[in-house]
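Please look over the sequence and the structure shown below before reading on.

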Amino acid sequence: MAEEKDPNRRDFIFIATGAVGAVGAAATVWPFIDQMNPASDTRAQSTTEVDLSQLQPGQQIKVMWQGKPVFVRYRTPAEIASAERDDFAQLKDPASDASRIAQKDGKPGKPQFLILQANCTHLGCVPLPPDNPGFLGKYGGWFCPCHGSDYDTSGRIRGGPAPLNLLVAPYVYLTDTSIRIG
Amino acid sequence: MSGPSTYEPKSGFTRWLDKRLPILRLSYDSFVAYPTPRNLNYWWTFGAVLSLCLVSQIVTGIVIAMHYVPHVSMALDSVQRFKRDVPFGWLIQPMHAVGASMFFVAVYIHMLRGLYYGSYKAPREVLWILGCVIYLLMVGTAFFGYTLPWGQMSFWGATVITNLIGAVPIIGESIHQWLMGGFAIDDPTLNRFFSLHYLLPFVIAGVVGLHIWALHEAGQNNPTGVDPKTKEDTVPFTPHATLKDAFGVSLFLIMFAVFVFYLPEALGSADNNIPANPAQTPPEITPEWYLRPFYAILRAIDFDIGPIKAKLAGVILMFGAIAILFVLPWLDTSKVRSMRYRPAARQFFILFVLAAVGLGWCGSKSPGFSIITAGPYQATVSWIENGSVTREAITSPSPDATPAAMAAAEAAARQRGATSVFVQREGGVNASLIAISGGTPRERTLSAPKSEELDAQINAAKATVGAAAPYVSIKRQTPFVFSVTQLAQMLTAYYFLFFLVILPLLGLRETPGRVPDTIAKSVVAGEAQGA
């Protein structure tokens, strides 16, 4: 044993085994972590088609997309005018109305149809439209009953705790009166 | 603390077993001969109460799991079926649901007892930290469990709390989806929450084992905070502590039974009987009472702190409120354990308890709810009767030049003798101007106790003067309002001040009272509330 070199064979085997063990442990743990991510069938539900032809001006419907509600609102000319005018107002999360109605490929949308994800950007509640008795908003768009976030007719945040505008749902026009979300 | 074992096997079988698995020796040394301070009061019986709560939750939970279906379309119905159709389901389900609340009643008393008598100080730091781990696991288990009946509060509680993760910059949204197993709270979320809800109580049981091990190594604290020095200071665990625990547990179980049989729904939210609906938020979302203080801290931060957004700051403070408990042993600088001999600290402790209860109240109220409104809401509505109205369109060469063009047009209109001018921007380069000249200025002052009522009065006033004058100007005077959010901010500040400033400084500056030399002396002097 007197000729034990430093590092000797045992040191080498120790480090090599440790390194292989660490990689093996990481490779084993990863599948158990990744299984928590959205599964294929969940991801497959990721598009929703909506027929717009039945909507009346001033009407709003909620459709489900990826398990979440989406607002589809047929805006009145007055709502469109107020949204466009406020492009130049003091905004917490500045965005022009044109950018809020754009399709997901960047092509311009139609001003009357606003397609937004329906969860408040604060903590995820569903805001109420103006015809709801619980609506207390000052901007005519949506009002969140949970913590009082106030959105305008373009879905932009104007008051309350929410940090961001209602998210635009990614959509494209399939025909003149139908869209696909997702 | 426990000296050499004094267990002596009596029969042939126990002698045989003792050489092979000394489990009877361990039980005897831990729960019979184990020396406990002779002055323990009833606040010390909550360890036994909590052990019972854990056993009760596990037993009732295993039974409910035999009948529960973790699927979004069947979960609520399966709980209802359990309550109505399964023999004794009507009893076992409320035992579990009420039991969760009882568990937290007991754990909060147990923690406050530790805080008051300084049970977290050396050599019991690890014991305290293990207790904090148990508490954190209890919070997680309660949250997962609350999701399982899949009512409106289950769904929206889970939505709001998982959304908090999204406040983490950059990676927040990926973690959020990983946690939910999809893009919203749905079947995959319900299934994993059920799995974790079944798992965590056994993890708690494991950590409780460590907690008791650490307790028996360091020995129990006592109301004087003085270490036992001689045999005079202690009594054997059985029968003294055993009987005291049994009496305390009996009283606790009577309260438990009152809730189970007479008030089974009193601590829950009625909204949770409505099936979960992802498209409809209930008007008021609040967690169960035991998590409301932390919910209030979360909502208290409604302003950005430097680069940290309000939402993230709230999340950090909420988790910080629990995290701070872990380092408490090193924040309190006092050499004296028990606040019985720290009169100043006792005052701050009482304020702390009140602040925590107050935060719980804030968590149950809507954040804008006004506690005190100093005076009425007022508005002055002014208009010009019978003036001549001129309209004008403004166009500027570029969007940047529009504000200047608007100001210039307004000044020009006033030059021409207009008494009242309204300018409104219509778009990038367009604006409109309305000028009124001549006529009689009129004014009306409105007053109402509530902001909504004032709005109604303003609308009514506008309607009545509308025919004579189409344009009115409104000046509002909002009184000072002390809202739930502001109260929550003050109480949150005190919560953190107590741990971060008061306890560290007080230990260095205060003059504690006279601490008795031994436990036995304090008992003889009649200071202890029991022996």
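## Report on chains A and B

Pro123(B) is located in the loop that lies between helix α5 and helix α6 (125-147) of chain B, where helices (H or I, at least four residues) and strands (E, at least two) are DSSP runs numbered from the N terminus. This is a predicted model, in which local features need pLDDT of at least 70 and side-chain atom pairs count only at pLDDT 80 or more, while totals for chains, interfaces and linings use all residues. Residues are numbered from 1 along each chain as its sequence is written, and chains are lettered from A and ligands numbered from 1 in the order in which they are written.

Most residues other than glycine have a negative phi, and most peptide bonds are trans.

| Site | Feature | Value |
|---|---|---|
| Ala122(B) and Pro123(B) | cis peptide bond | omega about 5° |
| Thr238(B) and Pro239(B) | cis peptide bond | omega about 10° |
| Trp150(B) | positive phi | phi near 60° |
| Ile170(B) | positive phi | phi near 65° |

Pro239(B) is found in helix α10 (residues 237-262) of chain B. Trp150(B) belongs to the loop between α6 and α7 (152-165) of chain B, and Ile170(B) to the loop between α7 and α8 (172-180) of that chain. Is Trp150(B) buried or exposed? Trp150(B) counts as buried because it has 26 C-beta neighbours inside 10 Å, given that a residue is buried if 20 or more other C-beta atoms lie within 10 Å of its own, exposed if 12 or fewer, and partly exposed in between, with C-beta atoms placed from the backbone. Ile170(B), with 6 C-beta neighbours inside 10 Å, counts as exposed.

**Chain A as a whole.** Chain A contains 4 helices and 9 strands, and its C-alpha atoms fill a box of roughly 95 × 35 × 30 Å along the principal axes. The radius of gyration of chain A is 26 Å, whereas a compact globule of 182 residues would have one near 16 Å; the value is taken over C-alpha atoms, and the globule rule is 2.2 Å times the number of residues to the power 0.38. Of the 182 residues in chain A, 34% are buried.

**A sheet in chain A.** An open, antiparallel sheet of 3 strands has the order β5-β6-β7 in chain A, where two strands pair if DSSP finds at least two bridges between them. Its edge strands, β5 (140-143) and β7 (157-159) of chain A, each pair on one side only. Strand β6 (residues 150-152) of chain A is joined to β7(A) by 2 bridges, and Asp150(A) stands opposite Gly159(A) in β7(A).

**Where the chains meet.** In all, 25 residues of chain A are in contact with 28 residues of chain B, two residues being in contact if their C-beta atoms, placed from the backbone, lie within 7 Å. On the side of chain A that touches chain B, the elements that give two or more residues are β3 (68-74) and α3 (77-85) of chain A.

**Nonpolar cores.** A nonpolar core is a set of buried Ala, Val, Leu, Ile, Met, Phe, Trp, Tyr and Cys residues joined through C-beta atoms within 7 Å. The largest has 80 residues, and those with the most contacts inside it are Val70(A), Ile115(A), Leu116(A) and Ala106(B). Helix α5 (residues 89-116) of chain B gives the largest share of this core, 10 residues.
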